[in-house]
Amino acid sequence: MTLVLSFGATPERDEAVVPPQLQAALLSRVLRYDREFASREQRVAVLVVHRESGASEATARQLVAALRSEPALGTAAHDEVLVPFVNLESLVKAIDRHAPRVVVFAPGFADASGPIANALAGRQVLTVSSTPRGIREGFVLGFDLVDGKPSMLFNLASARLQKADFRAEVIKLMKVVP
Amino acid sequence: MTNRILVLLLTTAAALARAESADGGDELGTGELAGLLDTAVVSGPSRADERVDDSPATVTVVTAEQLRSLGLRTVHEAINFLSLGMLSQDPLHSVETGVRGVLLSGDYGNHLLVLVDGHTINESWNGTAYYEQGLGLPIELIDHLELIVGPGSVLYGSSAMLGVVNVVTRSASELGRLRVSLEGSLAPGQRADGSLSSAPGGLGGSGRAAVLSGFATQLAGAPFEVTAAAEYFLHQGQTLEFAKQTGLTESDGTNEWPQRWSREGVPGEWGGETRRYGTRSMSLWLKSRWGDLTAYVRGSSYSRTTPANDGFGVAVDFDGQAYERDRFLNAELRWSRVLNPHLSAMVRGYVDTYEYVGRDQSSSWLMNGSGDPPADVDLRDFTFLQLNAGWASWGGLEAQTTVDWLGDGRFPLMLGADARLRHFGAKNVDSALDGSTYAESNVYQATEWQLAAYAQQRARLLPSLLLNVGLRVDAQSVFAPNVAPRGALTWTTPWGGRLKAVVSTAFRSPSGYERFAEYVGFQIRNPNLSPEHVLTGELGYEQRFGRHRVQVVGFASRFTDLIRLESVTPTDELTMYQNSGRIMNGGGQALLEGAAGAFSYGLSFTGAVAVSDDQTLLPVSPSWFGNARVSWELSAGPRLSFLTHFSGPRLISAASNTGLDANGEPVRWREGAEWATAQCELRAVVEGSVQGVRGLRLRGVVGGNVMPSSGYVVGPRQSPSVDFTSPTLAPNNRLFALLTASWSLD
């Protein structure tokens, strides 16, 4: 039983993850439909944040590599920065330092998504979760794997707070969460 | 013909893409994004999640939504109505499945590997796997199916000769708290000429009840979830009429008398009307995941009876109490963790058991008598009971690690090892109907081990170039080691298409049944059989046009050392399984599918030639087949769909059989009778939610086969004779209606 308990305690293994290559392809294209993003940005920074666990960091690194292979995010050139999550304050400092337009969260933020979203309210930062967790709590965009296919989740209220303005025709392709 | 179809597919796709763009009125066009959202993610081909178009194989992904909305109740139906390159046929008992024009009749599915959440279902006695209700999984439990065509031993070992069917089950959150499905169907009786009977007494039907539940929470800081399911299915077939076969005789070497095929029928005569066509299956499923640990247990029982004697002991007596029953119990405990960005590990232990019982009740000494006949009975008025039992238990431990050299997913190396121990055996018991045993035969049992090691390197050489190379070595206690390599290269073209080249191999170890089964006076053992092999090369191209997708694949395969039941010597009546078969196989496949607004469609076609080493075509294996479907999401909510699958003419199962006339000259089937007609099944489905009742969905299906009969020869006369040159073919199900009610609580 002791062995089992030690095996069992990995909080980030909570759902299937859309392969990072596919997440990067989806993100790069969906940003074309964010009027705020598409009209203003020439070059953007993307923060990819992970927790201190193997699965979270591995997915984050794969996301960075996949995003770097995308020629553009929306229509903008982009630079990715890998950031380990220590606490909310350090994350906000990292955001202040790099001024990212997009922050992608690797798996493992189910318990921290609400406070993070609150801290970023009012900033023009698009929060993206690589899992479906955290969208209901405040991240704007998330990826899920349903029936063996990727799907996008969208939090309309958070989008307004984080000043994202996606076109209606692309919101039709997403699952909008209350 | 294939070229014309390909041109038609490409032209149609381009037209639809243009139409969608124009219709959208959107200068950016969301087609590309929608296309990406339609791109399936598969885990079967590489044992790692990847885009289906990046995977080292040709794969059809069937989603739970398709299964539900298109009224598909089994994997067998999903294969026929949706797959690219797979075909499944119903000989009136367990279905047979083939890939790319190679269907090996009578193999009980042992050339196709079936996985449920990565766990091998094919049993270890004869390699059996089922695709109809016998699979033992409620269809509502399935998240998606990966129908992988082509050899797959590189990661899975034996049995993945024709392909792999990977069943992925739903998680607790996708399943919801409670889901209940009730289903019933009706089918009218059928006459010998295939026409439908209006007699109410001829009606057959089926009933199914399934209960599924999912539960998820946090336990000791880690996510914990349980999925559970139970299903009961009962099918009592409609009345079927078979053309009578007469003049059947048998002898004990001294006397000859009319052969009995029924206790109540006329001696020497087979056929007429029967209701002995039915299925009963039960299954239980329990899966739990807690953090890195996953455990599951699956149990199933699958019984079936058929009126059609296939000439090999299935339901010998036309009106007897004959059936076959398979029972499976599978259990697995798996631990997996990503240790750091460079290293992940998985260990799983598994234990499985399987039991087969075939119960034949026969009044025919020739079919069921063995050993010396009892001296005190009249063989002309005697009923035999034969129980054919086979069983297997196996278990093992598999360890796997993935080394991601750069820690960014571009160059992962997978290494694995699997150690397995299996025990299997069989026994036949012949007795009188009162149960008094007088003979045991075909008795054997064996314990064997197997060790395997495999490696797979995936490499994104360039952003547009993906390499996948792998190798598996299987060492077994009774066979020389087998090496199964695979290599695949996928290039993403500048216009977004995927050009894919794959060379793959597979093997199948001889089953315990093939090595040890013996029947006095008919079949002797061959414990020295060696594994079968296949080598396949394929080149494919796939292109998306928004939500429309076109795929074309060309392939060539060489099957060697195929195990066939053949005469020990050309003049000998005794047979044994031998590594004597070879097949050369080649052809092309094409697929077009997509959606525009509320309309969706799909069309697939496979053309293939498969020729044995004696230059003959494979029986019951059509050289072209495919499927098509259209669906509309009506404005009121329900979805209306029309589906079809079709296949070309094929040799009947007994095409090569010959008889002898009084002068010893060969007698053949009448000209043309060795061919069965093309086949076509049609289906109309309406499915949708019921307004006002939360969680309730209803589905109605009407369908049936256009052609009255399949290519399987039934009845005692499996060979032509002077007075019998037109074989009796197994009837197809001509018409059925199905209603399903499903209620879910999320």
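Reader: Is B:T740 buried or exposed?

Author: In this predicted model, B:T740 belongs to strand 41 (residues 736–745) of chain B. Buried means under 20% relative accessible area. Because B:T740 has a relative accessibility of 3%, this residue counts as buried.

Reader: With which side chain does the side chain of B:T740 make a polar contact?

Author: Leaving aside residues up to four places away in sequence, B:T740 touches B:L182, B:E183, B:R697, B:L698 and B:R699. The polar contact of its side chain, at 2.7 Å, is with the side chain of B:E183.

Reader: What is the relative accessible area of B:S153?

Author: B:S153 is placed in helix 5 (residues 153–156) of chain B. Residues up to four places away in sequence not being counted, it touches B:S158, B:A160, B:R472, B:A484, B:T505, B:A506 and B:F507. B:S153 is buried, and its relative accessible area is 0%.

Reader: Which elements do the buried residues of helix 4 of chain A pack against?

Author: Helix 4 of chain A is mostly covered, with eleven of its 15 residues buried. Among them are A:G54, A:A58, A:L63 and A:L67. Within chain A, the buried residues pack against helix 2 (20–30), strand 1 (43–50), strand 2 (77–84) and strand 3 (102–105), and they also pack against strand 19 of chain B.

Reader: How much area is buried between chain B and chain A?

Author: The contact draws 47 residues from chain B and 42 residues from chain A. Carbon and sulfur atoms give 61% of the buried area. That area is about 3700 Å².

Reader: Which element gives the largest share of the side of chain B that touches chain A?

Author: Elements that give two or more residues to this side include helix 2 (31–37), strand 12 (222–236) and strand 19 (323–340) of chain B. The largest share, six residues, comes from strand 19 of chain B.

Conventions
Residues numbered from 1 in each chain as written. Chains lettered and ligands numbered in written order. Predicted model: local features only at pLDDT ≥ 70, side-chain atom pairs only at ≥ 80, totals over all residues. Heavy atoms only, no water. Contact = heavy atoms within 4.5 Å. Buried area = accessible area lost by both parts, 1.4 Å probe. Helix = DSSP H or I, 4+ residues; strand = E, 2+ residues; numbered from the N terminus. Buried < 20%, exposed > 50% of the residue type's maximum accessible area, 1.4 Å probe, protein only. Polar contact = N/O pair within 3.5 Å; in protein donor to acceptor, adjacent residues only side chain to side chain.
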